[in-house]
Amino acid sequence: MRVLTPLSAVAVAVTLLLSGCGESSSSSAGSEFAGGNGSTPPTTPTTPTTPTTPTTPTTPTDPSTPTTPPTDPSTPTDPTTPGTFDESKLVANLVNNVLTPALTQFDTFAKAQQSQIGEYCVAEKAQSANAADLHEKAKDSWRAAMSSWQYVELMQVGPLLSNGKELKGNIYSWPAGGALCSLDLDIVYHEDGFINGDTNRPYDIKMRTSDRKGLIAIEHALFNTNYNHSCASENASLAPWNSRTITERKAARCEFAHTVAGDIVDNSTAILASWQGDNGFANQLINAGNPGSQFDTPHIALNEISKALFYMTKELKDEKLGTPLGLFTNSCGFVACGQDVESDISEHSKENLLANIRAFKQIFTGEGSNADNTLGFDDFLDAEQGSDIKQRMLQGLAEAEAALLAIDGSLKQAIDNDTAKVTEVHAKVKNVTDELKNDFINKLALELPQTSAGDND
């Protein structure tokens with residue numbers, strides 16, 4: 001297995017990706033809020049520009065080539081006076097230039113992944129001479145799709161929250177999903193065409209629970225070099241597995257991964273269908289305060305988007321870093337436990353975190369697909385006399401990224417062998433989340449999500 005460099009080609013490929021989001025709720029002005037004019041709907045509502053479809057990577061088998069980001073012609077005003085900030089323009093920029101491109105970009109990588117895995121399966125079943133090379137390219141396509149999705153993880157709003165996060169879970173269910181025995185059983189059931197030997201129960205990926213599919217399932221199928229099953233006991237369907245040839249087991253895993261990749265594309269398509277169009281959630285946000293929008297004011301819509309940033313508290317700080325560090329109970333008790341990092345089989349954890357941090361920064365600064373429109377929360381802070389908060393948060397983000405890139409090898413290796421460096425990343429991330437949960441939301445009259453109100457510091 002290749003050891004990824006601190007800033008892999010795949011991570012570079014998705015640094016142009018953009019994202020954000022959260023849970024709906026209104027808020028009243030905090031004690032320091034000067035009062036932007038976002039609560040008053042604009043005379044002429046901003047119409048979202050249909051995002052340009054990102055250029056498909058030059059070679060679908062090489063996702064390291066960044067796509068050309070979509071553009072948006074909207075131009076923000078430059079708010080500098082407290083109480084005059086136009087929150088509707090901020091919402092429009094974040095939707096058009098940050099959130100929408102993240103979703104469309106992931107869709108592009110998801111389709112490339114499906115195609116690349118399909119090519120590998122054909123070669124593996126035929127025992128072609130290029131099977132090993134196509135296997136590596138299939139893994140690269142997963143790395144690109146996963147890094148891209150980690151930006152979307154920071155934009156859980158609208159269709160990503162609907163029905164108990166069903167669509168999101170079908171694409172990525174960590175940390176709930178990924179039990180290897182369950183995945184091994186599904187690989188066998190998928191190959192047989194029915195569940196546990198019961199011909200009355202045909203296998204259908206759409207009917208399988210989220211913990212048995214998605215990006216986690218593909219990771220196991222493509223990256224796990226232990227080709228024996230992981231179950232403590234065997235049923236009749238699983239019993240022959242360990243005695244089969246490695247080539248047969250690789251082919252079965254690949255075919256399963258290809259079906260899962262197709263399901264991911266279907267769920268990505270469903271997310272985009274709910275997000276885009278005249279009645280899509282993007283328009284609901286942009287037209288806040290106007291007839292037809294579920295958001296009474298732009299400030300409420302902005303509050304919805306701001307919840308995206310709180311992914312950095314529980315999910316990133318506590319689950320992705322704190323749990324494997326032993327700050328919370330884990331598989332090893334209360335000690336450092338490398339096996340509990342995210343994406344442990346592929347050792348892609350560090351790249352996931354890098355994408356999360358950069359996505360946070362893009363939402364915060366509004367620096368997305370249109371370099372001429374960078375209206376972000378940082379500008380809102382400036383307008384509300386919160387430039388000191390802005391500077392502390394930007395510094396914290398830079399220090400968190402630098403600490404992450406200072407780790408040699410994978411995060412899993414560092415947890416086991418260089419815990420101090422991972423602890424440093426955790427501390428730098430905490431600096432940002434402390435600002436986020438206190439001065440940031442107070443200054444801008446935003447609300448703390450319920451999921452973050454009691455997170456552990």
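# Disulfides, pocket and backbone features of a predicted model

Q: In this predicted model, which cysteine does a disulfide join to Cys 181?
A: The structure is a predicted model, and in it the sulfur of Cys 181 has a partner sulfur 2.0 Å away. That distance falls within the 2.5 Å limit used to call a disulfide, so the residue joined to Cys 181 is Cys 231.

Q: Where in the chain do Cys 181 and Cys 231 lie, and how many residues apart are they?
A: The disulfide between Cys 181 and Cys 231 links distant parts of the chain. Cys 181 belongs to helix H5, while Cys 231 sits in the loop between H6 and H7, and the separation is 50 residues.

Q: Which hand does the link of Cys 181 and Cys 231 have?
A: The hand is given together with the angle about the S-S bond, which for Cys 181 and Cys 231 is 105°. With that value, the link is right-handed.

Q: How many residues apart in sequence are the parts that the pair Cys 121 and Cys 254 ties together?
A: Cys 121 and Cys 254 form a disulfide, with 2.1 Å between their sulfur atoms. Cys 121 lies in helix H2 (residues 87-125) and Cys 254 in helix H7 (residues 246-275), so the parts tied together by this pair are apart in sequence by 133 residues.

Q: What is the relative accessible area of Cys 254?
A: The link of Cys 121 and Cys 254 is left-handed, with -105° about the S-S bond. Cys 121 is buried at a relative accessible area of 3%, and Cys 254 is buried as well, with a relative accessible area of 1%.

Q: Which residue forms a disulfide with Cys 332?
A: Cys 332 counts as partly exposed at 38% relative accessibility, whereas Cys 337 is buried at 1%. The link between these two is right-handed, with 55° about the S-S bond. Their sulfur atoms are 2.0 Å apart, and the residue that forms a disulfide with Cys 332 is therefore Cys 337.

Q: What is the pairing when the bonded cysteines are numbered in sequence order?
A: The model has 3 disulfides, namely Cys 121 with Cys 254, Cys 181 with Cys 231 and Cys 332 with Cys 337. Numbering the bonded cysteines of the protein in sequence order gives the pairing 1-4, 2-3, 5-6.

Q: Which domains give residues to the lining of the largest pocket?
A: The largest pocket holds about 350 Å³ of space, and the residues nearest its centre are Trp 174, Gly 177, Gly 178, Val 341 and Asp 344. The pocket lies between two domains because both give residues to its lining, and these are domain 1 (87-275) and domain 2 (297-452).

Q: Which helix gives the largest share of the lining of the largest pocket?
A: The lining comprises 19 residues, which divide into 8 nonpolar, 6 polar and 5 charged. At least two residues each come from H5, helix H6 (215-223) and H10. The largest share, 3 residues, comes from H6.

Q: What is the phi of Glu 347?
A: Most residues other than glycine have a negative phi. Asn 196, in the loop between strand E1 (194-195) and strand E2 (198-202), has a positive phi of about 50°. Glu 347, in the loop between helix H10 (313-325) and helix H11 (349-365), also has a positive value, near 55°.

Q: What covers the buried residues of H4?
A: The buried residues of H4 are Leu 167, Lys 168, Gly 169, Asn 170 and Ile 171. Among the elements that cover these residues are H2, helix H3 (131-152), H6 and H7.

Methods
Residues are numbered from 1 along each chain as its sequence is written. This is a predicted model: local features need pLDDT of at least 70, side-chain atom pairs count only at pLDDT 80 or more; totals for chains, interfaces and linings use all residues. Side-chain values use heavy atoms; hydrogens and water are left out. Helices (H or I, at least four residues) and strands (E, at least two) are DSSP runs, numbered from the N terminus. On a 1 Å grid over the protein atoms alone, a cavity is a set of points where a 1.4 Å probe fits but cannot get out, and a pocket is an open set with protein on both sides within 12 Å along at least five of seven lines; lining residues have an atom within 4 Å of a point. Grid points are joined across faces, edges and corners, and a volume is the space filled by probe spheres set on the points. Ala, Val, Leu, Ile, Met, Phe, Trp, Tyr, Cys and Pro count as nonpolar, Asp, Glu, Lys and Arg as charged, and the others, Gly among them, as polar. Domain bounds come from an automatic or database domain assignment. Buried means under 20% relative accessible area, exposed over 50%, partly exposed in between (1.4 Å probe, protein chains only). Contact means heavy atoms within 4.5 Å.
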